[in-house]
Amino acid sequence: MKLLRVGAPGEERPAVRTDDGRLLDLSSVTPDIDGAFLASDGVDRVRTAIAAGCLPALEADGLRIGPPVVRPGKIVCVGLNYRDHAAETGAAIPVRPVVFMKDPGTVVGPYDEVLVPRGSVKTDWEVELAVVIGRRARYLDGPEAARDVIAGYAISHDVSEREFQLEYSPQWDLGKSCETFNPLGPWLVTADEVGDPQNLGLHLSVNGVKRQSGHTRDMIFPVDHIVSYLSQYMVLEPGDVINTGTPAGVALGLPGTPYLRPGDSVELSVDRLGSQRQTFGQA
């Protein structure tokens with residue numbers, strides 16, 4: 001199942017995209033796609049409503065697609081989670097997940113404009129697999145228990161400003177939390193439809209030039225391990241988002257470090273999760 005939110009910023013309505021490409025309004029099932037919806041078996045209620053044929057159709061033409069979940073309570077990120085990305089940045093292979101937080105206010109829609117911060121000279125791209133939590137998780141009993149708390153997956157663009165991130169502070173937050181720095185979506189694809197999260201290709205191009213082409217099988221710490229690990233140190237709530245890392249090919253590791261500038265366009269895709277496209281503007 002592909003859940004999404006459509007409409008102007010702040011006015012999104014919940015919807016579902018059916019297997020045959022129709023867009024159905026979920027307003028009669030839930031006021032929004034958020035933690036409360038996910039925690040209360042909302043996905044099952046949507047399945048029932050689809051089967052009953054009682055959901056009105058939406059005209060997709062001209063509708064903005066927003067982020068597929070309401071502003072999350074937190075965005076937890078895992079850095080350096082692909083060996084090739086760690087190598088291109090000159091970092092050692094981590095023995096434990098490298099965890100940092102990202103401001104939830106950075107989340108925007110998958111086709112929204114992304115703003116290069118004022119004073120930025122090192123704005124960079126990162127295509128990532130995002131995990132969306134569906135049930136409260138604390139002290140999970142190993143990776144096997146993680147699957148039961150995952151609602152689904154989405155494409156996440158973990159936009160980063162490397163000077164802010166690496167040169168201005170020993171913490172990474174400054175370079176990760178600039179406005180519009182986390183396009184998410186277009187869909188929240190339920191875990192049952194995605195299947196094995198370690199069997200997904202990730203791709204990103206800038207101005208039509210392919211920059212990243214990776215695969216989740218190359219993660220140092222797989223999805224189930226990450227979710228279980230995080231639950232030992234923080235409570236994961238329904239609607240929380242986990243960005244699971246990016247493969248090689250970011251500007252930081254490329255010859256000439258071709259960082260993003262206003263006017264650049266970035267296209268991202270992850271197998272079975274759809275695609276994104278953003279044009280960059282100036283803050």
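## Basis of the description

A residue is termed buried when its relative accessible area is under 20%, exposed when over 50%, and partly exposed in between, with a 1.4 Å probe and protein chains only. By this criterion I150, at 8% relative accessibility, counts as buried.

The structure is a predicted model, in which local features need pLDDT of at least 70 and side-chain atom pairs count only at pLDDT 80 or more, while totals for chains, interfaces and linings use all residues. Residues are numbered from 1 along each chain as its sequence is written, and side-chain values use heavy atoms, with hydrogens and water left out.

## Overall architecture

The chain contains seven helices and 18 strands; these are DSSP runs numbered from the N terminus, helices being H or I of at least four residues and strands E of at least two. The C-alpha trace spans about 55 × 45 × 30 Å along its principal axes. The radius of gyration, taken over C-alpha atoms, is compared with a globule rule of 2.2 Å times the number of residues to the power 0.38. For 283 residues a compact globule would have a value near 19 Å, and the 18 Å of the chain agrees with this.

Buried residues account for 57% of the 283 residues. A contact denotes heavy atoms within 4.5 Å. Of the contacts between residues at least 6 apart in sequence, 76% join residues at least 24 apart.

## Annotated domain

An unreviewed UniProt entry places the feature "domain: Fumarylacetoacetase-like C-terminal" at residues 74-279. UniProt positions follow the numbering used here, feature names are shortened, and annotations may be inferred rather than shown by experiment. Over residues 74-279 the chain is 15% helix and 33% strand, and the end C-alpha atoms lie 25 Å apart.

## Helix 7 and its surroundings

Helix 7, residues 223-231, is mostly covered, with eight of its nine residues buried. Those buried are V223, D224, I226, V227, S228, Y229, L230 and S231. They pack against strand 4 (75-79), strand 5 (98-102), strand 9 (127-133), strand 10 (150-157) and strand 16 (241-243).

## Position of I150

I150 is found in strand 10. Leaving aside residues up to four places away in sequence, I150 touches V131, V132, G134, A191, V223, D224 and V227. Among the buried residues of helix 7 are V223, D224 and V227. The C-alpha atoms of I150 and V131 are separated by 7.0 Å, although these residues are 19 residues apart along the chain.
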